[in-house]
Amino acid sequence: MKTSTTQKIARKPRADAQRNRERILAVAKQVFTRRGAEASMDEIAKRAKIGPGTLYRHFPSRDDLLAAVYISEVEKLAESQRKFSAELPPVEALRAWMLVFIDYIAAKKIIAPALNAMAGGPTQVYQQTTQVMEEAAHALATRAVASGDLRPDVDPMDMLRAIYGISSAGSTDDWASKARRFVDILIQGSQP
């Protein structure tokens, strides 16, 4: 008896499937923001203008969708790091990315209660994404140090922790605008 092994070649998703996925993630983020972790999957499908089958084909469970929403926010951070590194001078790339990091924190604050409600908690999702953020921050800071825009002793993770601290201090709604101003203070304080 012959045994044949077939390898499945990973294909890029069809354009319409990719658009559906992106629309689902955008709508899910909005719905989870308003309704929390128990938001209706049917509501998400309706607002995304797709059928429930399409939603469940992309995301078999609510936890899969919650994790994907969060991961997509982290992927935006990674993509913006690549874009800014290619288009901006080093210190400006770091500054622009830190502003996107503030947007990420805002999204995380919204989605975190839903992630915390996931079966098994969010630890695995956070572990998958922490490295992406650290690599992006280090890549940008390394360029800025090499160009002479930042001191060599600057730890980019300290900068991110400082921004994150502003988002956590108190419950003021204007934390994001304060954090945006603080980015410039951090960068100026980190220059040689």
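## Helices α1 and α4

Helix α1 (residues 15-35) and helix α4 approach each other with axes that come within 10 Å and cross at roughly 100°. An angle from 65 to 115 degrees counts as roughly perpendicular, so α1 is roughly perpendicular to α4. This description, like all that follows, refers to a predicted model.

On the α1 side, the contact is made by Arg 21, Ile 24, Leu 25, Ala 28, Lys 29 and Phe 32. On the α4 side, the residues are Arg 62, Leu 65, Leu 66, Ala 68, Val 69, Ser 72 and Glu 73. By class, the residues of this contact divide into eight nonpolar, one polar and four charged.

## Overall architecture and confidence

The protein contains eight helices and zero strands, and its pattern along the sequence reads α-α-α-α-α-α-α-α. The C-alpha trace spans about 65 × 50 × 30 Å along its principal axes. Of the 192 residues, 40% are buried. Among contacts with a separation of 6 or more, 66% are between residues 24 or more positions apart.

The average pLDDT of the protein is 86, and 92% of the residues score at least 70. Over residues 1-7, however, the pLDDT is below 50, and this stretch has zero contacts in the model beyond near neighbours in sequence. Where pLDDT is low, the predicted coordinates should not be read in detail.

## Helices α4 and α5

Helix α4 (residues 62-87) also meets helix α5 (residues 90-116): their axes come within 10 Å and cross at roughly 180°. Angles over 145 degrees count as roughly antiparallel, and α4 is therefore roughly antiparallel to α5.

From α4, the contact draws on Leu 66, Ala 67, Val 69, Tyr 70, Glu 73, Val 74, Leu 77, Ser 80, Gln 81, Phe 84 and Ser 85. From α5, the contact draws on Ala 93, Ala 96, Trp 97, Val 100, Phe 101, Tyr 104, Ala 107, Lys 108, Ile 111, Ala 114 and Leu 115. The residues of the contact of α4 with α5 comprise 17 nonpolar, three polar and two charged. Leu 66, Val 69 and Glu 73 of α4 take part in the contact with α5 and are also listed in the contact with α1.

## Aromatic pairs

The count of aromatic pairs comes to four. One of them joins Tyr 70 and Tyr 104, whose ring centres are 6.0 Å apart with planes at 50°, so the pair is tilted. Because Tyr 70 lies in helix α4 and Tyr 104 in helix α5, this pair ties together parts that are 34 residues apart in sequence. Both tyrosines, Tyr 70 and Tyr 104, are buried.

A stacked aromatic pair is formed by Trp 97 and Phe 101, at 5.9 Å centre to centre and 25° between the planes. Both of these residues lie in helix α5, four residues apart, which is about one turn of the helix. Trp 97 and Phe 101 are both buried. Ring pairs link Tyr 70, Trp 97, Phe 101, Tyr 104 and Tyr 126 into a cluster.

Asn 20 is found in helix α1. Its relative accessible area is 17%, and a residue under 20% counts as buried, so Asn 20 is buried. Not counting residues up to four places away in sequence, Asn 20 touches Ile 50, Thr 54 and His 58.

Ala 107 lies in helix α5 and, at 7% relative accessibility, counts as buried. Leaving aside neighbours within four places in sequence, Ala 107 is in contact with Lys 29 and Glu 73. Lys 29 belongs to the α1 side of the contact with α4, while Glu 73 belongs to the α4 side of the contact with α5. Ala 107 and Asp 64 are 43 residues apart in sequence, and their C-alpha atoms are 17 Å apart in space.

## A loop residue with positive phi

Lys 49 is placed in the loop between α2 (41-47) and α3 (52-58). Although Lys 49 is not a glycine, it has a positive phi of about 60°. Its relative accessibility is 72%, so Lys 49 counts as exposed.

Technical notes: Residues are numbered from 1 along each chain as its sequence is written. This is a predicted model: local features need pLDDT of at least 70, side-chain atom pairs count only at pLDDT 80 or more; totals for chains, interfaces and linings use all residues. Side-chain values use heavy atoms; hydrogens and water are left out. Axes are lines fitted to C-alpha atoms, for helices over the stretch in contact, and angles run from 0 to 180 degrees between N-to-C directions. Helices (H or I, at least four residues) and strands (E, at least two) are DSSP runs, numbered from the N terminus. Angles under 35 degrees count as roughly parallel, over 145 as roughly antiparallel, 65 to 115 as roughly perpendicular and the rest as oblique. Contact means heavy atoms within 4.5 Å. Ala, Val, Leu, Ile, Met, Phe, Trp, Tyr, Cys and Pro count as nonpolar, Asp, Glu, Lys and Arg as charged, and the others, Gly among them, as polar. pLDDT is the predictor's confidence in each residue, from 0 to 100. Buried means under 20% relative accessible area, exposed over 50%, partly exposed in between (1.4 Å probe, protein chains only). Rings of Phe, Tyr and Trp (its six-membered ring) pair if their centres lie within 6.5 Å; planes under 30 degrees apart count as stacked, over 60 as edge-to-face and the rest as tilted.
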